[in-house]
Amino acid sequence: MNDPVSVVEEQLTKHRTEGTEVVGPERRAFLEAALHEHLAAELAGDVPAIVGTFSKSGHASFNGVVYDTPEKLARFHKDFGWDGHGMLSDIGGEIVHLRYTHDSVVVEYLAHATVDASLRGAPTGRRVSSLPMCVIYEFDEAGKLVSERAYVDSAALLPDPILPL
């Protein structure tokens, strides 16, 4: 597996220009450092480090379900599979688009992973190579996550994806 820090840096480098008219270079560097810390912890599978990137009152929201305590944040990240033992494993992907505001970074991803949970009777171990995600990361002045709001096309994880109505 590639070094998580190098992977994150490479992804951020590809997409640094979006939002420069709103956010100056110093603020953008601050936001990138905070985002880098969080993403590197996720790619390393280090759940305590992931939780440590959140502020004391920080929360994550996954498709509208809120995880707002350190225990719930840890459980969510484990259940999702960031430690390699949840619903997904071998999680990775590519950043497609970045947008910066003063206190947040909006990231569009095209993720890939191995599905390790039985969904609709499909066998486990299936590789999904196209999982669209959009995540809004909002940071406080200490560089800690106030909120991580993830919107994921979870139907892409199904063996026969469902078309939108």
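Here is a short tour of a predicted model, stop by stop. Residues are numbered from 1 along each chain as its sequence is written, and side-chain values use heavy atoms, with hydrogens and water left out. Because the model is predicted, local features need pLDDT of at least 70 and side-chain atom pairs count only at pLDDT 80 or more, while totals for chains, interfaces and linings use all residues.

**Stop one: β1 and its partners**

Select strand β1, residues 54–62; strands here are DSSP E runs of at least two residues, and helices are H or I runs of at least four, numbered from the N terminus. Look for F54 opposite L145. Next show β2 (65–67), which pairs with β1 in the antiparallel sense over 3 bridges. Here F62 stands opposite V65, and in the hairpin, with 2 residues between the strands, N63 takes a positive phi near 50°.

**Stop two: helix α4**

Pick residues 70–80 and colour L73, A74, F76, H77 and F80, which are buried (under 20% relative accessible area, 1.4 Å probe, protein chains only). They cover an arc of only 160° around the axis, so they sit on the same side of α4; the arc is taken from the directions from the helix axis to the C-beta atoms. Their cover includes α2, α3 and β3. Just after the helix, G81 has a positive phi of about 120°.

**Last stop: S104**

Go to S104 in strand β4. Is S104 buried or exposed? It is buried, at 8% relative accessible area.

Note on methods. Buried means under 20% relative accessible area, exposed over 50%, partly exposed in between (1.4 Å probe, protein chains only). Two strands pair if DSSP finds at least two bridges between them. Contact means heavy atoms within 4.5 Å.
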